[in-house]
Amino acid sequence: MDPMNPVTSGRTGLPRERSRAAMSRPARQSSLREHNLSLVLRHIVDSPTRTTRARVSEATGLTKATVSELVDLLVTAKLVTELEPEPGERVGRPGVPLIPAARTFVGLGLEVQADHIAARAVDLQGTTLYERVTVGDFRLSDPGDTLRQLARLVTPMVATITSQGSRIAGACVSVPGLARLGSSVVRYAPNLGWEDVDVALVLRSSAALQGISIEVGNDADLGALGESRTRSRLAGVSRMDQNFLYIAGEVGIGGAVVLSGDLAGGMHGWSGEIGHAVVDPDGPMCNCGARGCLEQFAGKDALLRRAGLPLTYSTEELRAVALGGNLEALAALNDAAGALGRTTAAAMNLVDVDRLILGGAYAVLHDLLRPGIEAELSTRVMARRWIPLHVEGAVSGEMASLTGAALRVIDGVVAHPTPWVA
Ligand SMILES: [Zn+2]
């Protein structure tokens, strides 16, 4: 059986609308092989439990023989690992459990935020292998200086990964601003003070990052992506069943909409800028040039200022102060929750989702913010009378965007495994 031939897509083995297209046979075969390899690898990577060749065959509709040959290729390429056979569910040979390979391929998630820079290396299993964070003030920073500092942060990590024989599949840089996934340019990051910065160009001037493919992405988009994948894996919920509005509180506030497991990025990949929804047209000036934006009421700096705390305080410290009964901190959180509830109600009415996930710094504060947000949603979201609305803290933790950036690279390997198999 030729592993390039699927059994599910008709007599010619091509999707019907493309079967008469003017593709040459070798091109057609290589794209089918890529498609089928990706299909099999996707199933193994996304499977919440150990899977087997038989289960991959059932789930993908490919024949057992085809799956077997494709799995052999993935095992040889160290993308998939076979475990010791376990007793079979049926009569006959026991199934060989298949899992994504550990520590062989690594996605580098990098991040620049107003108050820290960070790097995290994640493998095909989604396990964090290495992580480094430097806390600092990167508000209105020089992009060259900041990115060179980020390169220095990640250099020892790259050296360790390569000395251990792992392959770096690429890097994705999370930034709080307009940055389209797949490009290398940050168009506008108001809190960093960056405009039209080619991040890959600067990072590649570091010897450690030369030859590594580098893309940028918006922090909330990547946080939502990380959250979606983490939820699928932890709860065994299929990717297709992931639908939610995600808001991430940092110094700025980002948002993202996930529909059927995919980011709804908008025409230019810039959707989700809920942090600049207007709360009070006469409110404080925002770094974006407008007045009274949500992040001036509910962003991390705004929360700390309103609570009378230093801007160097972490979210955990703010939480501890509020739980200690500090009235100013509680009032700051209450006001922020109200503003968040009113703006997210508008977004939920607009895009029709019933789940709001609080990410970034809000993941740490979600139980304190939730009552105030729910009070607004319960009076403002039209669908509330017919469907239950859910407000939940992110399960992927405070630095979900960093995980999401690394998983974006891993996603790329899974979507296009051929270069790594070859
Ligand atoms: Zn603004």
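Five strands build an open sheet of mixed pairing, in the order 12-11-10-13-14. Its edges are strand 12 (262-263) and strand 14 (390-393), each of which pairs on one side only. The model described here is predicted.

Strand 13 (residues 355-360) runs parallel to strand 14, and four bridges join the pair. Within this pairing, Leu358 has Gly393 of strand 14 as its bridge partner. Helix 10 (residues 327-351) packs on the sheet and touches strand 10 (244-249), strand 11 (253-259) and strand 13. The direction of helix 10 makes about 150 degrees with that of strand 10. Helix 11 (residues 361-380) also packs on the sheet, with strand 10, strand 13 and strand 14 as the strands it touches. Between the directions of helix 11 and strand 13 the angle is about 145 degrees.

A further open sheet of five strands has mixed pairing and the order 5-4-3-6-9. Strand 5 (128-135) and strand 9 each have a single partner strand, so one side of each is left without a neighbour in the sheet. From one strand to the next, the twist averages 15 degrees. Strand 3 (residues 105-112) and strand 4 (residues 116-123) run antiparallel and are joined by seven bridges. Glu111 stands opposite Ala118 of strand 4.

Helix 6 packs on this sheet, touching strand 6 (167-175) and strand 9. Helix 12 packs on it too, and touches strand 3, strand 4, strand 6 and strand 9.

| Helix 10 | strand 10, strand 11, strand 13 | about 150 degrees with strand 10 |

From helix 6, the contact involves Asp219, Leu222, Gly223, Leu225, Gly226, Glu227 and Arg229. From helix 12, the residues are Ala400, Ser401, Thr403, Gly404, Ala405, Leu407 and Arg408. By class, the residues of this contact are five nonpolar, five polar and four charged.

The chain is divided into domain 1 (16-100), domain 2 (105-220 + 402-421) and domain 3 (222-401). Domain 2 and domain 3 have C-alpha centres 24 Å apart, and 23 residues of domain 2 are in contact with 25 residues of domain 3. On the side of domain 2 that touches domain 3, strand 9 (214-218), helix 6 and helix 12 each supply at least two residues. Helix 12 gives the largest share of that side, six residues. The residues of this side of domain 2 comprise 10 nonpolar, eight polar and five charged.

As for confidence, the mean pLDDT of the chain is 90, with 92% of its residues at 70 or more. Over residues 1-22, pLDDT stays under 50, and the model has 33 contacts beyond four places in sequence for this stretch. Where pLDDT is low, the predicted coordinates should not be read in detail.

How values were computed:
Residues are numbered from 1 along each chain as its sequence is written. This is a predicted model: local features need pLDDT of at least 70, side-chain atom pairs count only at pLDDT 80 or more; totals for chains, interfaces and linings use all residues. Two residues are in contact if their C-beta atoms, placed from the backbone, lie within 7 Å. Ala, Val, Leu, Ile, Met, Phe, Trp, Tyr, Cys and Pro count as nonpolar, Asp, Glu, Lys and Arg as charged, and the others, Gly among them, as polar. Two strands pair if DSSP finds at least two bridges between them. Axes are lines fitted to C-alpha atoms, for helices over the stretch in contact, and angles run from 0 to 180 degrees between N-to-C directions. Domain bounds come from an automatic or database domain assignment. pLDDT is the predictor's confidence in each residue, from 0 to 100.
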